Amino acid sequence: MAERSEEVKLLGMWASPFSRRIEIALTIKGVPYEFSEQDITNKSALLLQLNPVHKMIPVLVHHGKPISESLVILEYIDDTWQNNPILPQDPYEKAMARFWAKFIDEQICVAAMKVVGKTGEEKDAAVEATRDLLKFLEKELVGKDFFGGKNLGFVDIVATLIAFWVMRTEEIVGVKVVPVEIFPEIHRWVKNLLANDVIKKCIPPEDEHLRYIKDRMVKLIIKPA
Amino acid sequence: MAEEVILLDFWASMFGMRTRIALAEKRIKYDYREEDLWNKSSLLLEMNPVHKKIPVLIHNGKPVCESLIQIEYIDEIWPDKNSLLPSDPYKRAHAKFWADFIDKKVNVTARKIWAKIGEEEEASKELIEILKTLENELGDKTYFGDETFGYVDIALIGFSSWFEVYDKYGNVNIESECPNLIAWAKRCLERESVAKALPKSEKITTFISELRKKLGFE
């Protein structure tokens, strides 16, 4: 049963940025895994058993043991499979990478979600707030191909949330939250991402993705108050 | 080269307490600088332009922000004494999961007990649930890290100096609801690093009482 104990399983959801970032990391490391698509509107008994605290995807299962929370999973992957490192080796650079990852998930993601479904002045304010945060990332990219430097790293993987969720959905949300005039470096970085084989393989197909988001937004907006 | 370690902090911050404990566990000498949160220093604004918050650890002129990130940094820079995180990847992930849980849940809920009018009852019920979840995770271990005091213990212990505040304004009794957690906190306080880092509960309770008056809650 030695083969089975190496088994890596990922409970995820095809349209979730948090799930996709795990697939990117596993692909960078060349780790084969079994993907288990979860219905987040009707959570499986397996998911509830493996992540009883948060009941959310993604959950990575390795050697039969579950790990939850995408940033924790990413670090676990980097600690376990040491080829193609995702985090920098230098402790200070590592601390900075962790800082930006947390900033993206806790600040930018939250701010960008506040734009959805708003109108008028409220919408403008939410857009401004998101842009103010993105300006910090814009500065970080100056002179670099990726946040990780020459190669894709931890922050790039986490920031795919911006490239393929925030930026892709601008048309649906009805406002260019990340215009190229204000964020030339971010736009340049997105082009670099799109030229990368792992990214191309691991991000959700655009048309299907946009259809799904439109559909979800309609459901969210017409939900009774 | 002489190491220069500065900590920009605020005495009552449960986040600052984490970094104080980590530095003490590693026996690192550092320059503690008290910040006035209502009149932040230019150094703080320069070293943490993104969040403008304490604690900020400045090591040889370079800032590290966010308390949990600081603990990991301290553990990596000074690996010789008292490991703060496990070396096994799964145990590390487990520790990070629980520290993340503490960060996501405890303060957000606890703040509503003393800083918002009208939400105290709901928030205090929620806080007890959160603390019970943590107590359950602790089980009958000495520390969250099992036999060794570490990352998760450090992440949570500072909040214990605020329990009196939560009891008072939330009209709860954390000790009777979570006796094992209180026993754990007492064990942690026996460590010199923790005893020196945590202010006396009464001091925090007085501070919050005065702050609430200033904010017009009383």
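This is a predicted model: local features need pLDDT of at least 70, side-chain atom pairs count only at pLDDT 80 or more; totals for chains, interfaces and linings use all residues.
Which backbone nitrogen lies 2.8 Å from a polar atom of the side chain of E135(B)?

Chain B has 11 helices and four strands. Its radius of gyration is 17 Å, close to the 17 Å from the globule rule for 218 residues, so chain B is as compact as a globular protein of that length. Along the principal axes, the C-alpha atoms fill a box of roughly 55 × 45 × 30 Å.

Of the 218 residues in chain B, 55% are buried. The chain exposes about 10,300 Å², and 49% of that comes from carbon and sulfur atoms. Taking contacts with a separation of 6 or more, 69% are between residues 24 or more positions apart.

On charge, chain B carries 32 positive and 38 negative side chains. The centres of the two sets lie 2 Å apart.

Back to E135(B). This residue sits in helix α5, which covers residues 120-138 of chain B. Is E135(B) buried or exposed? Its relative accessible area is 13%, and buried means under 20%, so E135(B) counts as buried.

Leaving out residues up to four places away in sequence, E135(B) touches E177(B), C178(B), P179(B), N180(B) and L181(B). As for I182(B), 47 residues separate it from E135(B) in sequence, while their C-alpha atoms are 9.2 Å apart in space.

That brings us to the opening question. The backbone nitrogen belongs to N180(B), and it lies 2.8 Å from a polar atom of the E135(B) side chain.

Definitions and conventions: Residues are numbered from 1 along each chain as its sequence is written. Chains are lettered from A and ligands numbered from 1 in the order in which they are written. Side-chain values use heavy atoms; hydrogens and water are left out. Helices (H or I, at least four residues) and strands (E, at least two) are DSSP runs, numbered from the N terminus. The radius of gyration is taken over C-alpha atoms; the globule rule is 2.2 Å times the number of residues to the power 0.38. Buried means under 20% relative accessible area, exposed over 50%, partly exposed in between (1.4 Å probe, protein chains only). Contact means heavy atoms within 4.5 Å. Accessible areas come from the Shrake-Rupley method with a 1.4 Å probe; for residues, only the protein chains shown count as cover. Lys and Arg count as positive and Asp and Glu as negative; His and the chain ends are not counted. The place of a charge is taken as NZ of Lys, CZ of Arg, CG of Asp or CD of Glu. A polar contact is a pair of N or O atoms within 3.5 Å; within protein, one must be able to donate a hydrogen and the other to accept it, and residues adjacent in sequence count only if both atoms are side-chain atoms.
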